[in-house]
Amino acid sequence: MPVQSMPEQRSGTGKGSPGRDTPFAARYPPPMCASYEARFSVTQLVEAFDSHGAPLVFPRGLPNIEPVDEVRPTDLAQAIRASADAAAELVPMRFGFRGPARPGGGKPPPVINFRSEGRAFGNGETSGRALVPASGFYEFTGDKYPKTRWRLRGADGGFLALAALWRAGRDGEPDAFALLTAEPGPDVAPYHTRGVLPLAPDLWADWLFDRRPAEDLLAPPPAGTLVAEAAPRG
């Protein structure tokens, strides 16, 4: 079943059509998980996915993954999708789908989040399920700028595998991914009204290879899965 194309938020945009007199921060609240941390090694990924039924292959050769403190929309980052013969491939993709055209023209912001509830997601030749490895992701709190930035990481110290969708690039653009979201679990609720979806390792293969319906897999993690730490810039 192909991916349903129903975005939730675009980078840097809010809901509705507020007027020009509305303060900028209210008109354009930050989307959930607009950036994340990617500090892990190829060895960590290979060992983890191999031990959970989704051995990795590298169609473009073994990558040299440099640690990244903050992956932002439109950056290239590592993502994992199903390959042939029950294997998974690690490929660089752009963070964020191409956004829908604006009525007045101009370059639209990328779609970085997709609402997961009530939708079916499958694999096809040009789109499908994916996982995005991350060592943590960022959320913000506060009513005034600069807001407090928080880093949420796995309580066990390992990397997270965030549920995502991928699409083939168009017009020479690279393939891209967007992160799936749902109602926040107890660890995320103090920081945002929506949350990304780190999947437990025993669900990785079922998600990637479309072995179970999305509704059986896409749920907020239980309390204690994530730890939040203040992460001020600079």
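This is a predicted model: local features need pLDDT of at least 70, side-chain atom pairs count only at pLDDT 80 or more; totals for chains, interfaces and linings use all residues.
1. On confidence, the chain averages a pLDDT of 88, and 86% of the residues score at least 70. The stretch of residues 1–6 stays under 50 in pLDDT, although the model has 20 contacts for it beyond four places in sequence. Residues 10–29 are likewise below 50, and the model gives this stretch 24 contacts beyond near neighbours in sequence. Contacts that involve either segment should be read with these scores in view.

2. As to overall make-up, the secondary structure comes to 4 helices and 14 strands. Of the 234 residues in the chain, 46% are buried. Among contacts with a separation of 6 or more, those between residues 24 or more positions apart account for 70%.

3. Strand 9 (residues 136–141) is joined to strand 10 by 5 bridges, the two running antiparallel, and Tyr-138 has Arg-151 in strand 10 as its bridge partner. The hairpin of strand 9 and strand 10 has 6 residues between the strands, and Gly-142 takes a positive phi near 115° there. Strand 10 is also joined to strand 14, again by 5 bridges and in the antiparallel sense, with Leu-152 opposite Ala-228 of strand 14.

4. Strand 5 pairs with strand 6 (residues 88–95) in the antiparallel sense over 7 bridges, and Ile-80 stands opposite Leu-90 of strand 6. These two strands form a hairpin with 5 residues between them, in whose turn Asp-85 has a positive phi of about 60°. Strand 5 also pairs with strand 8 (residues 127–134), in the antiparallel sense and over 2 bridges, and here Arg-81 stands opposite Ala-130.

5. A search of the whole structure finds 8 aromatic pairs. In one of them, the ring centres of Phe-49 and Trp-204 are 4.3 Å apart and the planes lie at 25°, so the pair counts as stacked. Phe-49 belongs to helix 2 (residues 42–50) and Trp-204 to helix 3 (residues 204–208), so this pair ties together parts that are 155 residues apart in sequence. Both Phe-49 and Trp-204 are buried. The pair of Trp-150 and Tyr-191 is tilted instead, at 5.2 Å centre to centre with 55° between the planes. This second pair links Trp-150 in strand 10 (residues 148–154) to Tyr-191, which lies in the loop between strand 12 (176–182) and strand 13 (195–196), 41 residues apart. Tyr-191 has a relative accessible area of 18% and is buried, as it falls under the 20% cut-off. Ring pairs also link Phe-40, Phe-49, Phe-159 and Trp-204 into a cluster.

6. Two arginines are placed over aromatic rings. Arg-81, noted above opposite Ala-130 in strand 8, lies over the face of Trp-166 at 4.3 Å from the ring centre. The charged end of Arg-149 sits over the ring of Tyr-138, 4.1 Å from its centre; Tyr-138 is the residue whose bridge partner in strand 10 is Arg-151.

7. The last point concerns Leu-162, placed in strand 11 (residues 160–167). Leu-162 is buried, its relative accessible area being 0%. Leaving aside residues up to four places away in sequence, Leu-162 touches Ala-130, Leu-131, Val-132, Ala-134, Leu-179, Val-196, Leu-197 and Pro-198. For Val-196, one of these partners, the separation from Leu-162 is 34 residues in sequence and 6.9 Å in space, C-alpha to C-alpha.

Notes:
Residues are numbered from 1 along each chain as its sequence is written. Side-chain values use heavy atoms; hydrogens and water are left out. Buried means under 20% relative accessible area, exposed over 50%, partly exposed in between (1.4 Å probe, protein chains only). Contact means heavy atoms within 4.5 Å. pLDDT is the predictor's confidence in each residue, from 0 to 100. Rings of Phe, Tyr and Trp (its six-membered ring) pair if their centres lie within 6.5 Å; planes under 30 degrees apart count as stacked, over 60 as edge-to-face and the rest as tilted. A charge sits over a ring if NZ of Lys or CZ of Arg is within 6 Å of the ring centre and within 35 degrees of the ring normal. Two strands pair if DSSP finds at least two bridges between them.
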